[in-house]
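Work through the exercises below with the model open. Try each task before reading its solution.

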Amino acid sequence: MKGNDTDNAANPTGRRLRPRFVTVLALVLLAGFWGQPVFSAESKTYEALRLLTEAFYEISQKYVWPRGEEEMLRGALRGMLNSLDPDSSFLTPEEYRDYQKGEGGPEAEAGLELVVKEHLLAVVAVLDGGPAAKAGIRPGDLLLKINGQMVRNLTTQEVSRRFRGAAGTVVKVQVMRNGLIKPLDLAVSLAPLARPKITAQAVKEAFIYVRIPYFTDDTPAELATVLKDLKRRQPQLKGLILDLRNNARGSMEQGVRTASVLLGDKEIVSTRGRKGGGQVSYRGKPRDLVLDYSLPMVVLVDQGTARAAEIVVAALRHYKLASLLGAKTFGLCGITKAFPLKDGSALVMTVAHCYTPEGQRITGVGLEPQEAGKKPPPGAGPPPVPPPMAEEDPWVQQAVELLKGGKTLTMDYPKG
Amino acid sequence: MTPAPRPQSETITQQTDETVVTTMFRRTQGTLGMFLVMGLALFCAGALLLSLLSVCPAQHPAGQDPRQSTATPNTSGRGEDPLLQTFSQALSLIEQHYVERKTAKDLIYGAIQGAVGTLDPHSSFLNPEEFRELQIETKGKFSGIGIEITLKDQVLTVVSPIEGTPAFRAGLRAGDQILKINGTSTKNITLTEAVKKIRGPKGSKVTLTINRQGFSAPQEFAIVREIIPIRSVKARLVEGNIGYIRLANFQDQTDPDLRFYLRKFKQKLSPCKGLILDLRNNPGGLLEQAVQVADEFLNTGLIVYTRGRDPHRSMRWYARGGGEGEDLAPLLVLINEGSASASEIVAGALKDQKRALIAGSKSFGKGSVQTIIPLEDGSAMRLTTALYYTPSGQTIHEKGIVPDIELKEPEPPKGKTLEKIREEALERHMKGEGITDKPWDQPMTAADLQQDPVLKKAVELLRKGLPKRGAPPASS
């Protein structure tokens with residue numbers, strides 16, 4: 001009989017699911033019951049674990065191909081983490097070692113932000129001009145296969161790692177896109193990312209369009225420079241359009257420091273853990289403030305707006321510094337923490353959610369724009385990456401109309 | 001992704017990609033001897049299932065595993081198994097540190113789902129609600145009022161009342177907008193929720209507030225629920241003594257319904273110029289039904305056999321003769337890449353036994369049998385427990401059935417999205433103009449055939465005359 005192609009590939013010890021495992025699990029559970037807690041087994045926990053034991057036993061007896069015990073256990077861990085939220089992940093010992101090496105950054109990458117959500121691997125954002133964008137991957141795409149293998153039961157962190165590596169490595173993906181009848185086969189060649197540049201462009205004489213493709217440590221200073229230049233060169237400026245669409249990369253700190261450039265000494269975001277515990281509030285710094293004059297602003301957002309970008313957007317909205325135009329943001333802004341396990345693997349778990357200054361949760365909820373962006377004509381396909389020239393971008397035009405009509409929310413600042 | 005919602009009858013047919021059947025499983029339990037467990041075997045990662053069996057799911061949780069009692073007492077086992085320790089540690093870390101409080105059951109459901117996720121794509125975990133839904137679908141009947149519904153421009157809309165049902169008798173019509181169900185607004189309702197609210201116990205009443213073009217104000221329809229059969233078989237005569245039968249899937253009522261139409265065709269088609277059995281986009285269903293459907297056309301010979309992990313537990317199914325379709329020839333079976341599992345069993349048997357010519361495009365290629373294994377809390381696992389083989393010994397797994405005559409679906413016009421194509425088909429269906437919307441004895445016209453280019457070619461083939469295939473050679 002033909003074996004399953006994935007059979008035991010990840011099971012170096014070749015161990016099979018044995019009755020011994022079931023027995024041992026039962027004993028551990030009983031032990032928990034008898035007051036030698038391996039973990040505190042309330043009766044409901046005990047019952048739930050018995051269910052897992054039953055499931056494992058059935059698989060060991062009836063599944064058509066014999067299965068490796070270790071792979072099943074890891075599958076169970078992955079499944080458990082995936083059932084929490086898109087940011088919670090499992091890391092194998094190798095992946096965890098890699099993770100600990102930290103932010104040295106990979107040599108090369110695909111330039112895309114992915115999450116596993118409701119068992120689907122979705123592209124949240126594609127970095128402007130990066131390898132994934134060049135390969136034709138678009139925000140909102142669902143990845144069905146990576147290098148010919150069906151994407152099943154992987155967690156966000158793990159799958160993101162498949163898109164990092166040595167420059168020139170080719171990763172083949174099959175993507176499903178809304179409106180397409182057949183999936184697309186695309187190939188991404190990993191490459192070092194060029195430093196993202198904030199671009200500024202005049203629109204209709206009195207307006208300026210500024211795009212932040214994604215956040216890095218340099219973003220706050222760069223934005224400050226752009227705004228200072230504008231103030232000096234275009235004193236007659238009537239409005240600013242800040243494009244944060246398809247922007248899902250950036251840390252909380254980068255988001256807070258960037259918001260600080262626009263808001264100064266104000267509460268920007270706060271985080272809260274279990275039962276509201278461990279509340280931390282992040283404020284901007286007075287000396288970071290550059291936008292110290294009144295300037296009507298529209299921020300463009302969409303489903304690809306996440307993480308640092310959402311922090312900026314939420315704060316701008318709260319202080320009525322800008323109107324939001326476009327589509328609801330993704331809602332990805334949790335604080336995660338890694339917890340190593342005894343066997344060297346690790347869990348990456350969300351330990352706190354982000355809240356807007358008015359106390360609305362961002363994680364898993366997203367931010368609604370005040371003004372819905374015009375829907376593209378049917379069959380138009382996904383928006384291009386990077387976005388089109390400002391003059392040809394329907395949402396930029398819509399923003400201009402909004403600014404011209406004076407309908408944006410503004411807040412007066414003392415002239416500085 | 002939000003593709004246009006497909007219409008649903010009051011059963012959820014949306015996730016029904018495949019299916020299958022009942023087999024009996026014998027299991028030896030340690031030294032305690034044998035005991036019988038009836039299981040439900042399903043083909044494919046799909047969704048339909050059969051009647052509930054007398055399973056005692058609580059027979060073998062850990063505490064009662066006979067192996068445990070016969071094994072050497074393994075008291076030192078606790079804490080020794082590193083994998084197990086890892087799992088326990090993970091569970092307690094999540095219970096302590098995750099940002100929200102999670103119930104142990106939710107976490108374990110996630111874990112089982114993950115463990116089953118390491119198996120083949122056709123194995124899956126079903127929570128109690130999904131398991132109940134599966135049972136309704138494979139029974140081929142449910143208690144409700146008999147309408148197909150969809151969301152059209154975000155308004156809950158009747159696609160069609162099913163003939164002979166309470167909804168049909170009450171005068172509901174295609175295109176009716178359902179504004180309220182039992183007085184509750186349907187604004188922002190999902191199809192699944194709507195289905196749940198409209199269904200209910202037999203004999204109970206549901207009140208729908210209907211908006212219809214021509215009504216000066218919305219009107220209320222109070223309708224008493226009954227048992228509604230789900231029709232998986234549709235048929236039409238085609239001009240020139242040809243019969244057409246389409247099987248949408250394989251559930252409990254499939255073979256009885258098929259027999260009904262075969263009997264009618266035997267009377268109407270003389271001389272018979274041919275019969276088309278359309279299995280395109282039929283995701284499968286109950287194995288037992290696949291065997292019976294094939295048996296309607298075969299007089300003798302092997303239909304299919306399965307092999308599980310234990311080779312001694314292989315099963316073989318043979319034709320018994322006396323089928324209603326044995327005299328209807330030539331037989332042309334239509335398949336495409338959407339024909340899976342049970343469909344492939346039928347196509348494979350009829351092909352190998354040289355009873356039919358197969359036309360269309362290569363089938364899906366799903367050669368495994370799934371068994372539904374209920375777990376003690378009302379959830380269940382769908383596990384791949386066997387592979388099946390056509391009479392000639394071919395596995396269908398990843399290979400599919402290759403048609404004798406290739407008939408390709410035309411490429412959709414450029415720029416036409418899947419959504420658009422579905423919408424158009426739905427529009428036709430709402431107007432009662434789909435090929436199978438008209439009475440079976442009203443012959444299909446050239447205009448009808450225009451809707452389905454592959455069927456049109458199949459009819460042309462039969463009109464030109466196919467070689468009649470006789471009984472299978474005695475040796476097979």
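**Exercise 1.** Which residues does Thr184(B) touch, not counting residues up to four places away in sequence?

Solution. This is a predicted model. Start with the contacts: Thr184(B) touches Leu179(B) and Lys197(B). Thr184(B) is found in strand 8 of chain B, residues 184-185. Then take a distance.

**Exercise 2.** Classify Thr184(B) by its relative accessibility.

Solution. The value for Thr184(B) is 40%. Buried requires under 20%, and exposed requires over 50%. Thr184(B) therefore counts as partly exposed.

**Exercise 3.** Describe the aromatic pair of Tyr96(A) and Tyr99(A).

Solution. Two values are needed: a pair of aromatic rings is described by the distance of the centres and the angle of the planes. Over all chains, the count comes to seven aromatic pairs. In one of them, Tyr96(A) and Tyr99(A) lie 6.2 Å centre to centre, with 25° between the planes. Planes under 30 degrees apart count as stacked, so this pair is stacked. Finish with accessibility. Tyr96(A) is buried at 11%, whereas Tyr99(A) is partly exposed at 25%.

**Exercise 4.** Which parts of chain B does the pair of Phe265(B) and Trp440(B) tie together?

Solution. First the geometry: this pair is edge-to-face, 5.8 Å centre to centre and 65° between the planes. Then the location. Phe265(B) lies in helix 7 (residues 254-268). Trp440(B) lies in the loop between helix 10 (418-430) and helix 11 (446-450). The pair therefore ties together parts that are 175 residues apart in sequence. Both partners are buried: Phe265(B) has a relative accessible area of 0%, and Trp440(B) has 17%. Finally, widen the view. Phe265(B) and Trp440(B) form one aromatic cluster with Phe260(B) and Tyr261(B).

**Exercise 5.** How far from the ring centre of Tyr355(A) is the charged end of Arg272(A)?

Solution. The charged end of Arg272(A) sits over that ring, 3.9 Å from its centre. A second case involves Lys266(A), whose charged end sits over the ring of Tyr319(A), 5.7 Å from the centre.

**Exercise 6.** Summarise chain B as a whole.

Solution. Count the elements: twelve helices and 21 strands. Check burial: of 476 residues, 53% count as buried. Then contacts. Among those between residues at least 6 apart in sequence, 71% join residues at least 24 apart. Last, the surface: chain B exposes about 20,500 Å², and carbon and sulfur atoms supply 50% of it.

Key. Residues are numbered from 1 along each chain as its sequence is written. Chains are lettered from A and ligands numbered from 1 in the order in which they are written. This is a predicted model: local features need pLDDT of at least 70, side-chain atom pairs count only at pLDDT 80 or more; totals for chains, interfaces and linings use all residues. Side-chain values use heavy atoms; hydrogens and water are left out. Helices (H or I, at least four residues) and strands (E, at least two) are DSSP runs, numbered from the N terminus. Buried means under 20% relative accessible area, exposed over 50%, partly exposed in between (1.4 Å probe, protein chains only). Contact means heavy atoms within 4.5 Å. Accessible areas come from the Shrake-Rupley method with a 1.4 Å probe; for residues, only the protein chains shown count as cover. Rings of Phe, Tyr and Trp (its six-membered ring) pair if their centres lie within 6.5 Å; planes under 30 degrees apart count as stacked, over 60 as edge-to-face and the rest as tilted. A charge sits over a ring if NZ of Lys or CZ of Arg is within 6 Å of the ring centre and within 35 degrees of the ring normal.
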